Amino acid sequence: MWDERYATEAYVYGEAPNAFLASCLERLRPGDRALAVADGEGRNGVWLAEQGLDVVSVDASAVGLEKARRLAGKRGVFPEFIQADLFAWDWPEAAFDVVAAIFIQFAGPGDRPRLFESMKRSLKPGGALILQGYRPEQVALGTGGPPAPENMYTETMLRDAFADFEIAHLRAHDDVIEEGAGHSGLSALIDLVALKPDA
């Protein structure tokens, strides 16, 4: 499905980074190691590399990753690109200072806890998870994301899922976003920054 979606000359979700991720710039330090989860065509992983981070960009789609490599080449940065099924990938333990998880709502309620736990384990103590997703109200808006309210996030669900982390930022809001043809228009969003406790 994702290979088909990305099989176009245009970048489906645009070439610019996600606005919420970009707003977290002060949390990023050159030289930090970052993981871009389900990074698709690479817009977020490439942007993180442009900020001087050592980036691993993981996605299941070979077509998306090829476009990500082209984008990185155009920008003059060199993330490590890995093609993997995130549910089969051998996630490195305590390896990253930052995990960026932007619109990863392909994971339904059955798979989501495993995905969240993998992201938690991969962070170093003190590391930051930066996540943006859709709330259930997004389905009625129809401006991006799967037509599956059960895949969406609520404040309560995220607080519970990351109860063992420090919630540095959690905000539900409606905003217009323009991220290529894939995310375009008024959107029901939720933003999270969660910090892994120091050892």
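Is Leu-141 buried, partly exposed or exposed, and at what relative accessibility? At 35% relative accessibility, Leu-141 counts as partly exposed, where buried means under 20% relative accessible area, exposed over 50% and partly exposed in between, with a 1.4 Å probe and protein chains only. The views below show a predicted model, in which local features need pLDDT of at least 70, side-chain atom pairs count only at pLDDT 80 or more, and totals for chains, interfaces and linings use all residues. Residues are numbered from 1 along each chain as its sequence is written, and side-chain values use heavy atoms, with hydrogens and water left out.

**View 1. The nonpolar surface patch that includes Leu-141.** Leu-141, found in helix α6 (residues 138-141), forms this patch together with Val-176 and Leu-186, and their accessible area together is about 260 Å². Patch members have over 30% relative accessible area and no salt bridge, like charges being joined within 9 Å and nonpolar side chains (Val, Leu, Ile, Met, Phe, Trp, Tyr) within 5 Å; a salt bridge is a side-chain nitrogen of Lys or Arg within 4 Å of a carboxyl oxygen of Asp or Glu. Areas come from the Shrake-Rupley method with a 1.4 Å probe, only the protein chains shown counting as cover for residues. Helices (H or I, at least four residues) and strands (E, at least two) are DSSP runs, numbered from the N terminus.

**View 2. The open sheet of 7 strands.** With mixed pairing, the strands follow the order β3-β2-β1-β4-β5-β7-β6, and the edge strands, each pairing on one side only, are β3 (80-83) and β6 (166-179). Strands pair if DSSP finds at least two bridges between them. Strand β2 (residues 54-59) pairs with β3 in the parallel sense over 4 bridges, Val-56 standing opposite Glu-80 in β3.

**View 3. The β6-β7 hairpin.** β6 pairs with strand β7 (residues 183-195) in the antiparallel sense over 13 bridges, and Asp-174 stands opposite Ala-188 in β7. Between the two strands of the hairpin are 3 residues, and Gly-180 in the turn has a positive phi of about 65°.

**View 4. The buried residues of helix α5 (residues 112-122).** Among them are Leu-115, Phe-116 and Met-119, and their cover includes β1 (33-37), β4 (96-102), β5 (123-134) and α7 (155-161), contact meaning heavy atoms within 4.5 Å.

**View 5. Asp-39 in the loop between β1 and α3 (43-50).** Asp-39 is buried, with a relative accessible area of 7%, and touches Asn-44, Gly-45, Ser-57, Val-58 and Asp-59, not counting residues up to four places away in sequence.
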